[in-house]
Amino acid sequence: MNFQDKLLDLSYKNNPAMHSFISKLPATPVSIFSRMSQLAQSHDAVNLSQGFPDFAVDPQLIDLVTTYMQDGFNQYAPMPGVLALRERIAHKYQVLIRIDVNPETEITITAGGTQALFTAIGTLIHPGDEVIIFEPAYDSYKPSVEAFGGKVVPVQLFAPDFEIDWESVREKITSRTKLIIINNPNNPTGRILTRKDIIALEKLVGTYGLYVISDEVYEHITFDGRKHESILFSPVLRERGYVVTSFGKVLHATGWKIGYVVASMHLTEEFRKIHQFNVFSVNTPMQWAIADYLSDVDYYASLSTGFQEKRDYLSTALQQTQFKVLPCEGTYFMLLDYTEISAQAELDFAIYLTEKAKVAMIPISSFYSETVNQNLLRICFAKEKSTLDRAMDYLLQI
Ligand code: PMP
Ligand code: GLN
């Protein structure tokens with residue numbers, strides 16, 4: 001059975017036991033990240049597909065978690081999260097961007113960014129509501145909206161700039177439009193929105209009474225001195241928005257699945273009503289450990305510095321190949337244009353590269369709801385130099 005058939009086999013359509021079952025998400029396959037990681041593993045390829053660091057979590061943080069576990073911090077945390085951690089987060093916003101966030105009423109600790117997104121979407125979306133998303137879009141947005149009976153209205157953005165034409169966004173707004181979801185810095189494009197974009201968004205949200213979810217999980221990974229524009233800077237968006245973040249990116253620990261949501265008091269109250277019955281509360285010892293670990297706000301700046309070095313190392317090395325590197329302003333992903341190497345469609349080429357060239361990347365077409373082919377693959381550079389070197393050894397042979 002080839003790779004594509006295996007995917008189909010996994011879907012409910014080919015499973016006779018599921019024929020009488022009315023799926024809420026009938027067209028949803030296993031995520032491209034899991035698929036490519038699995039393919040990389042089975043072909044012993046260097047896995048630069050799914051976004052996760054391959055370097056160790058700081059042993060000091062591991063020690064803190066261990067100590068809290070040994071000291072008996074093992075029972076339910078408060079539903080909104082350990083207050084010490086929420087205070088630490090509020091302090092970060094105060095020191096780094098001079099924004100006051102109330103730790104008791106405006107911050108909720110979640111089981112990672114994905115759960116935060118799902119719960120925020122569930123809080124806002126009623127059947128029939130329309131949600132504007134920008135494609136290429138992170139894979140969880142559409143199914144999360146659809147699980148609550150909402151309808152996704154995509155705005156497609158294209159290489160090389162992936163710029164948003166806000167007038168065309170306005171044209172998509174109808175009486176049913178409820179929410180706009182943005183992701184800044186953006187996975188997979190590596191682009192960041194400007195103050196002008198945030199002002200344009202603010203205008204639409206204010207004029208049409210919409211809500212916004214701002215996926216800011218890569219907020220601390222911006223390059224070349226660029227600043228991340230949180231929606232928290234805008235009083236309008238702050239009142240009508242959920243900011244979603246993830247400690248997975250901040251601590252190089254994607255498997256820990258902890259994040260948080262920032263929102264106004266009223267939106268937080270509504271969020272917690274769903275959160276309470278979705279996860280209730282997030283694991284206790286890690287919350288205490290993270291609160292201690294992040295006591296020095298200078299830590300955040302080290303993320304941009306460290307990942308920028310990796311971006312530069314990989315993009316310089318790639319100059320020896322026929323891949324063309326697109327500009328990368330933030331996140332730990334870059335886009336590679338392979339036009340000079342192959343005429344294959346993105347998924348086919350990604351499978352070919354993994355199986356034959358032994359390097360796995362993500363086809364950008366997977367981030368669009370309609371077939372789009374731009375000869376672009378996403379490569380993850382959150383890796384040890386030795387891993388990037390190993391990948392380069394293979395890529396130089398193409
Ligand atoms: N949003 C984006 C844009 C992401 O890239 C990710 C994961 N890398 C998430 C949300 C989910 O975060 P988490 O792993 O904490 O669920
Ligand atoms: N966010 C990760 C990425 O973009 C993947 C997370 C997942 O596998 N769900 O690669």
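This is a predicted model: local features need pLDDT of at least 70, side-chain atom pairs count only at pLDDT 80 or more; totals for chains, interfaces and linings use all residues.
Residues are numbered from 1 along each chain as its sequence is written, chains are lettered from A and ligands numbered from 1 in the order in which they are written, and side-chain values use heavy atoms, with hydrogens and water left out.

1. **The shell of ligand 1.** Let us start with the residues around this ligand. There are 13 of them, and the closest are Thr114, Asp215, Tyr218, Lys249 and Lys257; a residue is near a molecule or strand if one of its heavy atoms lies within 4 Å of it. By class, the shell holds 4 nonpolar, 6 polar and 3 charged residues. Here Ala, Val, Leu, Ile, Met, Phe, Trp, Tyr, Cys and Pro count as nonpolar, Asp, Glu, Lys and Arg as charged, and the others, Gly among them, as polar. Helix α5 (residues 112-124) gives the most to this shell, with 4 residues. Helices (H or I, at least four residues) and strands (E, at least two) are DSSP runs, numbered from the N terminus.

2. The side chain of Asp215 has an N or O atom 2.6 Å from a nitrogen atom of ligand 1. On the oxygen side, the side chain of Tyr218 has an N or O atom 2.7 Å from an oxygen atom of the ligand, and for the side chain of Lys257 the distance to a ligand oxygen atom is 2.6 Å. Taken on its own, ligand 1 has 390 Å² of accessible area, of which the protein covers 94%. Accessible areas come from the Shrake-Rupley method with a 1.4 Å probe; for residues, only the protein chains shown count as cover.

3. **Strand β6, which ends at Asp215.** Strand β5 (residues 177-183) runs parallel to β6 and is joined to it by 5 bridges; two strands pair if DSSP finds at least two bridges between them. Asp215 is the bridge partner of Asn183. With helix α8 (residues 195-208), β5 and β6 make a right-handed β-α-β unit. A crossover is right-handed if, with the strands pointing away from the viewer, the path from the first strand over the helix to the second runs clockwise. β6 also pairs in the parallel sense with strand β7 (residues 241-246), over 4 bridges, and there Ile213 has Tyr242 as its bridge partner.

4. **Strand β3.** In this strand (residues 130-135), 6 of the 6 residues are buried. Glu130, Ile132 and Phe134 point one way, Val131, Ile133 and Glu135 the other way. β3 pairs in the parallel sense with strand β4 (residues 151-156) over 6 bridges, one of which sets Glu130 against Lys151. Between β3 and β4 the chain passes through helix α6 (residues 141-147) in a right-handed β-α-β crossover. β3 also pairs with β5, again parallel, over 4 bridges, with Ile180 as the partner of Ile132.

5. **Ligand 2.** Its surroundings are Phe33, Gln50, Gly51, Tyr138, Asn187, Phe333 and Arg378. A backbone N or O atom of Gly51 is 2.6 Å from an oxygen atom of the ligand, and the side chain of Arg378 has an N or O atom 2.7 Å from a ligand oxygen atom. The protein buries 79% of the 300 Å² that ligand 2 exposes when taken alone. Arg378 also stands opposite Ile362, in the antiparallel pair of β12 and strand β13 (residues 376-380).

6. **An exposed isoleucine.** Is Ile22 buried or exposed? Ile22 is exposed, because its relative accessible area is 76%. The residue is found in the loop between α1 (3-10) and α2 (32-42).

Note on methods: A polar contact is a pair of N or O atoms within 3.5 Å; within protein, one must be able to donate a hydrogen and the other to accept it, and residues adjacent in sequence count only if both atoms are side-chain atoms. Buried means under 20% relative accessible area, exposed over 50%, partly exposed in between (1.4 Å probe, protein chains only).
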